[in-house]
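Welcome! Please have the viewer open as you read.

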Amino acid sequence: MSAEPPVLTEPVRLNQIGEKRSFSLKPDAEMRRAISRWLGILELPAFEAEVQLVPAHSGWRLSGKLSGQAVQACGLTLEPVEETVRESFDLDLVEAPEGEETSEVEITLDENAPDLVTDGRIDVSRHVLEHLSLALDPFPRKPGAVFEPPEETAEISPFAVLKDRVKSRDDDAG
């Protein structure tokens with residue numbers, strides 16, 4: 001994946017949310033091609049997302065449903081594999097504390113930890129595409145594709161040739 005995801009909708013300023021903001025995201029063919037390049041997949045023939053952003057007790061709640069069709073390369077044969085994606089997500093967001101600007105990144109292992117809102121904006125596109133990437137099969141396999149290990153030769157070691165030479169010297173000496 002490249003660093004920045006394609007923009008499906010402009011980031012939402014916190015003062016624009018009000019009681020509720022709803023988004024219906026249906027990217028056109030050109031945008032779906034950009035998304036598939038960003039994801040590193042072959043094609044994204046269909047994709048749409050319905051997202052709601054509402055104020056919550058300690059910040060905001062972003063929830064949505066996404067669906068679509070993705071085409072990835074089979075991990076064994078590299079042939080195209082179609083996949084149907086249907087995913088729901090809920091995400092808590094909180095504003096980053098002020099005055100703590102640093103180049104260090106804090107990593108938490110708590111799955112329920114809220115995401116931080118920076119610059120007073122919520123990037124809905126980034127969250128939707130992040131959940132799309134998580135919904136894709138990380139190891140797509142074409143039905144019926146079976147891994148067949150290559151046949152092993154009798155001697156795999158690069159020293160096998162030397163072993164034969166040592167045997168011939170021992171025979172000459174004895």
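This is a predicted model: local features need pLDDT of at least 70, side-chain atom pairs count only at pLDDT 80 or more; totals for chains, interfaces and linings use all residues.

## A glutamate and its partner

With a relative accessibility of 37%, Glu79 falls in the partly exposed class. Its salt-bridge partner is Lys142, and the closest N and O atoms of the two are 3.5 Å apart. The bridge joins distant parts of the chain, 63 residues apart: Glu79 sits in the loop between E4 and E5, while Lys142 belongs to the loop between helix H2 (124-135) and helix H3 (160-173). Lys142 is partly exposed as well, at 28% relative accessibility.

## The other salt bridges

How many salt bridges does a search of the whole structure find? The count is three. Another of them pairs Asp92 with Arg61, with 2.3 Å between the closest N and O atoms. Asp92 is part of strand E5 (residues 80-95) and Arg61 is part of strand E4 (residues 59-73), so this pair ties together parts of the chain that are 31 residues apart in sequence. Asp92 is partly exposed at 35% relative accessibility, and Arg61 is partly exposed with a relative accessible area of 30%.

Then there is Arg126, which forms a salt bridge with Glu130 at 3.7 Å between the closest N and O atoms. Here both residues belong to helix H2 and are four residues apart, about one turn of the helix. Arg126 has a relative accessible area of 32% and is partly exposed; Glu130, at 29%, is also partly exposed.

## The sheet

Five strands make up an open sheet with mixed pairing, and their order is E2-E3-E4-E5-E6. At the edges are E2 and strand E6 (115-117), each of which pairs on one side only. From one strand to the next, the twist averages 20°.

E5 and E6 run parallel to each other where they pair, over three bridges.

## The nonpolar core

Which residues have the most contacts inside the largest nonpolar core? They are Phe47, Val51, Leu53, Ile122, Val128 and Leu132, in a core of 30 residues. Two or more residues come from each of strand E2 (21-25), H1, E3, E4, E5 and H2. E3 gives the most, with five residues.

Setting aside neighbours within four places in sequence, Val128 is in contact with Leu8, Leu25, Phe47, Ala49, Val51, Leu66 and Phe89. Two of these partners, Phe47 and Val51, are also listed among the core residues with the most contacts.

## Helix H1

Helix H1 covers residues 29-39, and its buried residues are Arg32, Ala34, Ile35, Ser36, Trp38 and Leu39. Among the elements that cover these buried residues are strand E3 (43-56) and H2.

Conventions: Residues are numbered from 1 along each chain as its sequence is written. Side-chain values use heavy atoms; hydrogens and water are left out. A salt bridge is a side-chain nitrogen of Lys or Arg within 4 Å of a carboxyl oxygen of Asp or Glu. Buried means under 20% relative accessible area, exposed over 50%, partly exposed in between (1.4 Å probe, protein chains only). Contact means heavy atoms within 4.5 Å. A nonpolar core is a set of buried Ala, Val, Leu, Ile, Met, Phe, Trp, Tyr and Cys residues joined through side-chain atoms within 4.5 Å. Two strands pair if DSSP finds at least two bridges between them. Axes are lines fitted to C-alpha atoms, for helices over the stretch in contact, and angles run from 0 to 180 degrees between N-to-C directions.
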